[in-house]
Amino acid sequence: MTSAHVGLAPSQSPPTRLLDRLNPLTRVAIGLVMLVPLVITIDWLSAAIVLLGELLGVLLLGVKLPQLLRRLLPIFLVAPIGALSMALYGKPGGRVHLDWGVIVVSDQSLALAGAVLVRVFALALPAIALMGSLDPTDLADALAQILKLPARFVLGTLAGVRMVGLFVDDWRALGQARRARGLGDQGRLRRWASMAFGLLVQALRRGTSLATSMEARGFGGNQRTWARSSRLTGADAIAMLVTLLLAAGAVMAAIVFDTLWITG
Amino acid sequence: MITAESWGWRHAGRKAWAVRNLDLTIDPGERVLLLGASGSGKSTRLPALAGVLGSADEGESTGTMLVKGKHPTRQKGLVALVQQDPEAAVVLHRVGDDVAFGLENLQVPPDQIWPRVSESLEAVGLDVALNRPTSALSGGQKQRLALAGAIAMHAEVLLLDEPTANLDPEGIDEVRGAVGRLVADRRTTLIVVEHRVQVWADLVDRVVVLARDGGLLADGPPLEVFHRHRDALLEAGVWVPGAPLPVDGDGFVPRDHPTAPDSADFADPVARNHHERLLTTADLTIGRHAQHPVQRHLDLTIPAATSTVVTGPNGVGKSTLALTLAGLLEPLSGEVIAAPAIRPPAARRSLMRRVSPPHPITWRSRDLLTRIGTVFQQPEHQFVAATVADEIAVGLRALGTPTAEVTARTDELLEVLHLTRLARANPFTLSGGEKRRLSVGTVLATQPAVILLDEPTFGQDRNTWAELVRLVRASVDEGRAVVSVTHDQAYLSVLAQHRIALTGGPDRHDDEATTPGRAGAPR
């Protein structure tokens, strides 16, 4: 072990980005708060303000633009589909540009389409930029130490998450084994049902052995210490404040410029 | 340190006692090797000592078992347990966190945790970054991680339950070396269970042998126990150091390269000889994921009537090769080609896919049964039935074999595999060695021309090992090609007629006939 590690609580990566100095809980909270203006309104201005604010925010936090665009790629494919259907089938109003029976393209439906397009991006951006790279271990630390969720629950879940990767391998092996045993020609549904049962058996076995290992290392009491403390700092406070201002500002702007539509 | 008085343990739902009438005292600093025949309850004792059995829903105990005068469940952290499966002990995502886990549970103040973590990792020689993902560790490294987690808790007793059974020779050395360093202070008590006595014989100073019907068969210094109780130990299946292999090394000669063209009558396997190539590969590249090929450009042959062994360090792609040869994993590029004699008729497999007779990956599942059989590394993966007898019958039934014949063949195999008394048991409740034999039996049942075995001797004591080797030899004598992926040196010494040695370095591998001790003249 290199001496550099002695006495240090290691984290997944050195905190070179501002983003890494935010507590995982803050990152989740930002995503949730940003939902509020987007869900209660359906106009284009509030969504655009939120999106711009978010974009500026995550870039300031140190997320690289090319990386961000790459991860947003699926949204570039999905969002236009949503917008298009709004443009064609949205509630008509104002000047009508096209009228083919069910399909009516009007000023209002076009505005709706624009609002939906921006909104989808505004919804996806914090989820992808802030929560997509969340480390489960860091989140668990925060849930147990800050939100005071029971250690048994949090650590049990964390240890369980590690097993998910193993299940993928198990599933593949089960499929291969059934083929080797002459049972691979059955219909897919029947085969999957019997494989699912096999996977359940495996899961129980793994779960039991994991529980044994955890108990052997003294897990079980509610009193324990934490090798790495998870704390909320000034950075978290500032990030939350900015988030709240942005959310409120977006709704206010919509009211001031009279573009506000409330859902419902 | 540890005292047991007429102690016994029975798993919930089992009639027989796993251990009973055990009287034993182990002093601090002693190094004890615990032996016994398969099914004498060795592995049961270890979790019990670690304080993790013992709750009423898992089974019941009789008598007393005390660690430092207290019940083991009240001495958590004092006793460290390392199990067979390296995966079993890993709890968290990062190496450092995993070692720290036990310390946190013992409520060690945070500022003392990381120094202790680093010390422990150093003590077991695991020189990786604290934030290294545990999933990236090799088997030997995972076992040392488990040891580090235990030492960090200042465990005074190390309980090792076949810690090297799943490891390659390199991993065995790593773990053996780490344990040797840990007990060098003569303060740490060591209790190790292992069939392969050789690994630990010169580290321990006491050997305890459990009798199958309860109580002790022998107890004393290694040399004395091995000398005085040699015959009883051999009979119990213990790998006594220095004893000759339980099967004859003669009469099973290495093969030269198969050279003759493919020809044979599939209906009569005995007519096959080792000049017939049942499987060949052409510029084969293999891997479980397209992005990560593990071996490239393989040109191999699998000759009939020959025992082929695949060797190489962990992670080099041996199991992947076996799965690819078996027609279970699609080659990333290149081909696996079956000899004309074992090709199935061309047929439609489903709407989308047709059988291409030379390529096993395209065959129907049922076609594989009589042609290429596979025993998986983890026997549990291939169990599909509720009883041992049904498990063997599954393949025969899929082939549409008449019921009377299925029963006869099943009974015969159960007898050969020494599983008759377990015919009605659930396959998942068998011991590790029994599961392994059953999985071999499921493949033998349909008499495939090629048999692939992934680590066939894992967890076997000396007696069941010998039975497996005899089964393999009998299959080879019947004209079958048997391909074994193995680390087992003893197995190699009697079954390496044709060796495929995979390495991680250079890209190209060709197979070679091995010549242990004598020139490899064709028979």
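Biologist: How many Å separate the centres of domain 1 of chain A and domain 2 of chain A?

Modeller: Taken over C-alpha atoms, those centres are 37 Å apart. Domain bounds come from an automatic or database domain assignment, and for chain A that assignment gives domain 1 as 19-135 + 231-256 and domain 2 as 147-226. This is a predicted model, in which local features need pLDDT of at least 70 and side-chain atom pairs count only at pLDDT 80 or more, while totals for chains, interfaces and linings use all residues. Residues are numbered from 1 along each chain as its sequence is written, chains are lettered from A and ligands numbered from 1 in the order in which they are written, and side-chain values use heavy atoms, with hydrogens and water left out.

Biologist: What area is buried between chain B and chain A?

Modeller: Buried area is the accessible area (1.4 Å probe) that two parts lose on being put together, summed over both. Here the value is about 5,400 Å², with 52% of it from carbon and sulfur atoms. Counting contact as heavy atoms within 4.5 Å, chain B contributes 70 residues and chain A contributes 54 residues.

Biologist: How many salt bridges does the rule find across the interface of chain B and chain A?

Modeller: Side chains of opposite charge can pair when their charged atoms come close. The rule asks for a side-chain nitrogen of Lys or Arg within 4 Å of a carboxyl oxygen of Asp or Glu, and it finds nine across this interface. R94(B) and D138(A) form a salt bridge, their closest N and O atoms being 3.1 Å apart.

Biologist: How many salt bridges does the structure hold over all chains?

Modeller: Over all chains there are 25. Within chain B, K142(B) pairs with E87(B), with 3.0 Å between the closest N and O atoms.
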